[in-house]
Every structure is written in C-alpha cells, then in structure tokens.
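Biologist: I want to learn how to read helix packing. Can you take me through a case?

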Amino acid sequence: MVSSEGTKAQVGTAPKPRGRPRSFDRATALEKALLAFWEHGYEATSVSDLTRVMDIGAPSLYAAFGDKRSLFEEVVREYGVRYGSFGDRALAEEPTARAAVERTLREAAAEYTDPAHPYGCLVVHAATNCSTPEVEQSLRERRNANIAAFESRIRADIAAGELPAGTDAAALARHAGAMIQGMSQQARDGASRTDLEALVEIAMAIWPRT
C-alpha cells in the first residue's frame, strides 16, 4: 500500500513538458503553400489563404517560415528544385545549345500541362500583377538568368562552329525565353501538351544551321 506521502512525492517528481510540440509537418505545409502561390500568384495569395490551405494558424506560419515574402522565397527555391530544374539539366547534359533549348521547350510542354499541379510556370505566373517590388525584381532576375544561361551556351556554340558566326546570340536566347514564358501562359489558358509541342517544332525550325 502506497502512503499519501509517497503519492505526493511521485507527483512532485513527474517531468514537466517542454512546451507544445509543432503540430504540423513543415514539408507538407510548404508544398501546400507552393501550390497556392503557383495557382494564384504572389499578390493574390493572402496570409489568410495560406493559413487555410496549409491548415495552420498565423503564429505557426510566422514561427516556421517568417513573413509571407520569406515563405514565398522558400517556395520559389523549392519550386526550382522540384519542378523547374529541367532547363538546367538540359543545358548541362545536351551537347549543343540547339539540343538543350529543344529539350527544355519539350519538357516545358510536358511540365506546364501536367494536371498533377497548377498549369504553367510559378516563376512566370507569380509575377502577374505583383505590386511588391522586391518580389517582382527577384522573379525577373530568375527569368533573366535563364535567358543569360541560354545566351552563354549559344555563344559557346558559335565559337565552336556549331552555329554560324553571324548568329545573334542575345536575340536567339531571348526568343527561347519568350517561348518558355509564352508557353506558360498558353498552358494557363488551356493549351494541351500537343498544342505546345507543335509550337516547339515551329520555334526550332528558325534556328540557324551551319
């Protein structure tokens, strides 16, 4: 039989909880935020929209991700790794600029029309009607970096004799960038993968040949 004194001693030595544990999975919440920004853009996605789709309270959002802009910056990085890296892979793996651009466009046609997630490209669509200068600038810099990567590869091919010496590398790179951005919007507007692949055929037909 346990005495009342022993019972009090046991109760008194019980470990104290160290605070309320986080009640959500961070990776899952981040993915839900990514899809929300991808679908609606940066400006049109409010903090209340985010807490609703992420199924967390505003204090938890701020504690785990910082403010809305910080969350969006993390979303863009995650998007680049999970959904938007096909261009970088094509540039790294294909033997010529032409092959890299064609592969990028064909993979964009598939990725931008995949019904498993919102259509188009987050980096293109999230900038629509964006009135936050820092966010708009960051997205612009990412798009321009993609064009610069194409231009660098095109210039290397000109130097190697893969493309004619008179090729306008900057214009050709911007054409590739315009195709990617246009395909994103076309996908948002309902174009199918087949529709976009037909555009790729036309886009590649204008490429100069030696």
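Modeller: Start with the term contact: it means heavy atoms within 4.5 Å. Keep in mind that this is a predicted model.

Biologist: Which residues of H10 and H11 meet?

Modeller: From H10, they are His 175, Met 179, Met 183, Gln 186 and Ala 187. Their partners in H11 are Leu 196, Leu 199, Val 200 and Ala 203. By class, this contact has 7 nonpolar, 2 polar and no charged residues.

Biologist: What describes two packed helices?

Modeller: Two things: the angle between their axes and the distance between the axes. Take H10, residues 169–188, and H11, residues 193–205. Their axes come within 11 Å and cross at roughly 165 degrees. Angles over 145 degrees count as roughly antiparallel, so H10 is roughly antiparallel to H11. The crossing of H10 and H11 is right-handed.

Biologist: How do the axes of H9 and H10 cross?

Modeller: H9 covers residues 133–160. The axes of H9 and H10 come within 8 Å and cross at roughly 140 degrees. H9 and H10 are therefore oblique to each other. Their crossing is right-handed.

Biologist: Which residues make the contact of H9 and H10?

Modeller: On H9, they include Arg 143, Asn 144, Ile 147, Phe 150 and Glu 151. H10 contributes, among others, Ala 169, Leu 172, Arg 174, Gly 177 and Gln 181.

Biologist: How many nonpolar, polar and charged residues does that contact have?

Modeller: The contact of H9 with H10 has 10 nonpolar, 3 polar and 4 charged residues.

Notes: Residues numbered from 1 in each chain as written. Predicted model: local features only at pLDDT ≥ 70, side-chain atom pairs only at ≥ 80, totals over all residues. Heavy atoms only, no water. Axes fitted to C-alpha atoms, helices over the stretch in contact; angles between N-to-C directions. Helix = DSSP H or I, 4+ residues; strand = E, 2+ residues; numbered from the N terminus. Parallel < 35°, antiparallel > 145°, perpendicular 65-115°, else oblique. Left-handed = near helix turned anticlockwise from the far one by under 90°. Nonpolar A, V, L, I, M, F, W, Y, C, P; charged D, E, K, R; others polar.
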